[in-house]
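Dear colleague,

Please find below the sequence and structure that I am handing over to you. My notes on what was found follow directly after.

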Number of protein chains: 2
Amino acid sequence: MTDLFGHAKDRIRNTALRSRLMTPEEASMYVQDGATVGCSGFTPAGYPKVIPSAMADRALNGGPKNFTLWTGASVAPELDGRLAEAGAISYRFPYQTGKAIRDAINGGEVGFQDMHLSMTPQNLRYGFYGPMDVAIIEVCAITEEGNLVPTTSVGNSPSFVESAERVIVEVNTSQPEGLEGIHDIFIPEEPPYRKPFHVLKVNDRIGTPYITCPMEKIVAIVPSNVPDHLTPMKEPDPVSRAMARNLMDLLSVEVSSGRLPPGLLPIQAGVGNVANAVIGELVDWPTDDLRIYSEVIQDSMLTLLETGKVQQMSGTAFTNSPEGAKKLLRRLEEIRKKAVLRPQEISNHPEIIRRLGLIAINTALEVDIYGHVNSTVAMGSKMINGIGGSGDFARNAFLSVFLSPSTANGGKISRIVPFCSHVDHTEHDVDVVITEYGVADLRGLVPRERSRLMIEKCAHPDYRAPLMEYLRLGEAKGGHEPHDLASALGWHLNYIEKGTMVPDQ
Amino acid sequence: MTDLFGHAKDRIRNTALRSRLMTPEEASMYVQDGATVGCSGFTPAGYPKVIPSAMADRALNGGPKNFTLWTGASVAPELDGRLAEAGAISYRFPYQTGKAIRDAINGGEVGFQDMHLSMTPQNLRYGFYGPMDVAIIEVCAITEEGNLVPTTSVGNSPSFVESAERVIVEVNTSQPEGLEGIHDIFIPEEPPYRKPFHVLKVNDRIGTPYITCPMEKIVAIVPSNVPDHLTPMKEPDPVSRAMARNLMDLLSVEVSSGRLPPGLLPIQAGVGNVANAVIGELVDWPTDDLRIYSEVIQDSMLTLLETGKVQQMSGTAFTNSPEGAKKLLRRLEEIRKKAVLRPQEISNHPEIIRRLGLIAINTALEVDIYGHVNSTVAMGSKMINGIGGSGDFARNAFLSVFLSPSTANGGKISRIVPFCSHVDHTEHDVDVVITEYGVADLRGLVPRERSRLMIEKCAHPDYRAPLMEYLRLGEAKGGHEPHDLASALGWHLNYIEKGTMVPDQ
């Protein structure tokens, strides 16, 4: 513990602030029952690790709970996992993953509103969600002036620090000091005084390398040496590889037709194994001037940087496997020159996304025959993770692509359905749908053309005839976008009741 | 006819171009069978009137048809009405109103893709929809250099002129010459070279007062003196007035709570009688510094300008009643100083909408208990008009409000439903829902809170108990956003089969 305090002290360059070093238990006393708490962290990167644990322990022993917990996006078991298990969370915003918190949300014990990630910090500052009591921010250093240097993510931290009445800092000495300089922190002026964001290239900088924080707001500083909760990436399975190859085919056609330049436009890819696999395929791309403007920077993107394929990168977090984290550390100096970590308000901002003209690659939970996409809720009601940044990117991209395996649960679920049981992205926001079977390029197509292409190119062969039969029923009834409302949700009901979507023979 | 040619000549300041004056019938020869034709016009304002009629006549006499017809948005009977009646349209983009074209779309004879209006010109330039053969543009003048001065709308005309192989011009001498100077024409650079748009105030100008057009592209110029197809505004009915008062209450609370300044933020309002009535209520707003940043500038907005309530306005079209058109003409000099007409790509651009922080006021066809909005398709399949710009504004606004009467069809349809039969705006994009019964402020609320508020504040009293019963069924099944999929679309099915949504007693 003494060592821990000593190491943390070295990271606190403002000597006056060193006196505010204390234990997690002492710091947790600053968080009252019913408090709204904003924590750093975006994916399992850069979130506070030891104070939330102390808060959970107190809650289990009759201490404060009923927290409204804000983060950048999902975090890790040490944060919302432990607090959810302790029954300490009433509301959770704006995104989540993890069994404990998800079960509590679906059970109705924890309230969750699913939000576009780019909008959360501005709506918070606009006062739409009430005041924020405490911000808990992981840093790798505190500057001479008392400003905060984030670690492996930025997320919503700048707006949490600005909005919160009190700030608690976790100085994590397991995070490399060399992260300093990689962040570009910027909080926009509020309307009607906002100015254009001068991000004209992927890695243009418009802010400061630290989060500005008035010294008097910092009530406690806690040392930590717990590393980010890294999980290994899965080896791409054959379905992911087939989807990735289909995507490469699409991009090659766009280049040969002159709609995309040879080095493409900046690429965004969702978080997870599928996106990681897809980006991995770019290692064979013929040019060496690729750019990434995404939400998270994953393993495969670092590999592209290492192999010289990518020259500029921007994101709000590094989401790495243990292997990727080592690569990050090894290459930190080079990465600092080529990559920027921004607040999620900027990494996901429509202004920049539409200006740069992104190729947005996101995953779908289910897609209907007309191209409406469900990203979040299974069988109409059960929240999986949340919409995250997919709406920010899909709506504003140059080209909006959604990927999904054609089936799930061993073929018992078709991900191409007659009618989505929940819609997160409408037909207006979906240019191309890709499964392991093919590419449905929906641009310029009208519903009667879209449905046939979706069935022919994307549906699993076992579901093509039943989908055509649904279409026949709908078209007999007529309309611009024909549906048979009586059987529209029948596939989902079949699954709920009989464990398979395969229509009755 | 000679007079018509003489008057048109006076509007063509480039003398060389005067030799290209011809009749509509002659000009229509430049439009081939199967052509993709881009016409000026946004709402019944600024669209070509005499050439489309000649095209329809030719089609009826065995001439060219199978057109793909593009406009800015809806237009008027003389354009897509006549061409649809003549069976001359194969595809229609990106928005429409009017019985003839709507019936053809719902009958499957005309293909229609429903698009965000801000995206249509860029996607066209990106080559997503193939080449454009002919642009037909109504102007009030042609400049010395051969550039085109639009009339009462800008819409997609700049991009049509840039993309089309040939340009046909209708010089409409019934349109006031004093419109010159009101337009601000700007086509963004394409990614990755696009720059920020320096619109920092509602009426900032960033372009030219005319559409740049290479002289050699202009193959025909046709004189016209047919006025815009103006229709009278309806007097606001009690339901519209009640919704308007509820909106004023909301805005007053936002001001008194400090979330909005006393003069509000720039206002956007959808097109039509309800929006017109709602904006009309602002005549009693306590301050005189209101601003309008909208898609169309309607009668009630001109009244606000006339009474000194509004100081700055921006739109892509004037959509007036005959009365409003007179007001426009009478006040043209003042309006030219305070108002700007822009391309719809700019009037509806996310970059500017989010920067200025708009209050977006749009109408809904139906809203579900969790706040998903259907704006376009009745009973799952039947296209009404299209999404228009509502998605551009709702997604990017400071505050996104949707208005809807609580019922339709004499109470037989509840517009607050368990489950939308089509989704255009997701729960992520809807802050507030207003009916004549009240205001459901959904900001920061989770699904279980949203549903109760929607039922209590917005549903018609006759439908509140059935909606609560649906909720009970759903919540018994559990999940983050509880639904009973077996009865989710039952209300729509009931209406289709029995002519009323009222659930069976």
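In these notes, two strands are said to pair if DSSP finds at least two bridges between them. Please bear in mind throughout that this is a predicted model.

I begin with a sheet in chain B. The strands β18, β17 and β24 of chain B form an open sheet in the order β18-β17-β24, and the pairing in this three-stranded sheet is mixed. The edge positions are taken by β18 (373-374) and β24 (416-417) of chain B; each has a single partner strand, so one side of each is left without a neighbour in the sheet. Strand β17 (residues 366-368) of chain B runs parallel to β24(B), and two bridges join them. B:Asp368 has B:Val417 in β24(B) as its bridge partner.

Chain A contains an open sheet of seven strands, ordered β4-β3-β2-β1-β5-β8-β9, with parallel pairing. Its edge strands are β4 (111-112) and β9 (218-224) of chain A, each of which pairs on one side only. Within this sheet, three bridges link strand β1 (residues 36-39) of chain A to strand β2 (residues 67-70) of chain A in the parallel sense. A:Thr36 is placed opposite A:Thr68 in β2(A). Helix α3 (residues 51-60) of chain A packs on the sheet and touches β1, β2, β5 (132-139), β8 (164-172) and β9 of chain A. The direction of α3 of chain A makes about 115 degrees with that of β8(A).

Next, a helix pair in chain B. How do helices α9 and α10 of chain B pack, in angle and in distance between their axes? Helix α9 (residues 273-280) of chain B and helix α10 (residues 299-306) of chain B lie at an angle of about 15 degrees, and their axes are 8 Å apart. Since angles under 35 degrees count as roughly parallel, α9(B) is therefore roughly parallel to α10(B). The two helices, α9(B) and α10(B), cross in a left-handed sense. On the α9(B) side the contact involves B:Asn276, B:Ile279 and B:Gly280, which meet B:Asp299, B:Ser300, B:Met301 and B:Leu304 in α10(B). The residues of this contact between α9(B) and α10(B) comprise three nonpolar, three polar and one charged.

Some backbone details may also be of use to you. Most residues other than glycine have a negative phi, and most peptide bonds are trans. A:Asn66, which is not a glycine, has a positive phi of about 60 degrees; A:Asn66 belongs to the loop between α3 and β2 of chain A. The peptide bond joining A:Phe93 and A:Pro94 is cis, with omega about -5 degrees, and A:Pro94 is located in the loop between β3 (89-93) and α5 (99-106) of chain A. In chain B, a cis peptide bond runs from B:Pro191 to B:Pro192, with omega near 5 degrees. B:Pro192 sits in the loop between β8 (166-172) and β9 (218-224) of chain B.

Finally, the record. An unreviewed UniProt entry places "domain: Acetyl-CoA hydrolase/transferase N-terminal" at residues 17-223 of chain A. Over residues 17-223 of chain A the model has 22% helix and 20% strand, with the end C-alpha atoms 13 Å apart. The UniProt annotation "domain: Acetyl-CoA hydrolase/transferase C-terminal", also from an unreviewed entry, covers residues 324-470 of chain A. Residues 324-470 of chain A are 37% helix and 24% strand, and the end C-alpha atoms of this span lie 46 Å apart.

With kind regards

Definitions and conventions. Residues are numbered from 1 along each chain as its sequence is written. Chains are lettered from A and ligands numbered from 1 in the order in which they are written. This is a predicted model: local features need pLDDT of at least 70, side-chain atom pairs count only at pLDDT 80 or more; totals for chains, interfaces and linings use all residues. Side-chain values use heavy atoms; hydrogens and water are left out. Axes are lines fitted to C-alpha atoms, for helices over the stretch in contact, and angles run from 0 to 180 degrees between N-to-C directions. Helices (H or I, at least four residues) and strands (E, at least two) are DSSP runs, numbered from the N terminus. Angles under 35 degrees count as roughly parallel, over 145 as roughly antiparallel, 65 to 115 as roughly perpendicular and the rest as oblique. A crossing is left-handed if the near helix is turned anticlockwise from the far one by less than a right angle, and right-handed if clockwise. Contact means heavy atoms within 4.5 Å. Ala, Val, Leu, Ile, Met, Phe, Trp, Tyr, Cys and Pro count as nonpolar, Asp, Glu, Lys and Arg as charged, and the others, Gly among them, as polar. UniProt positions are given in the numbering used here, feature names are shortened, and annotations may be inferred rather than shown by experiment.
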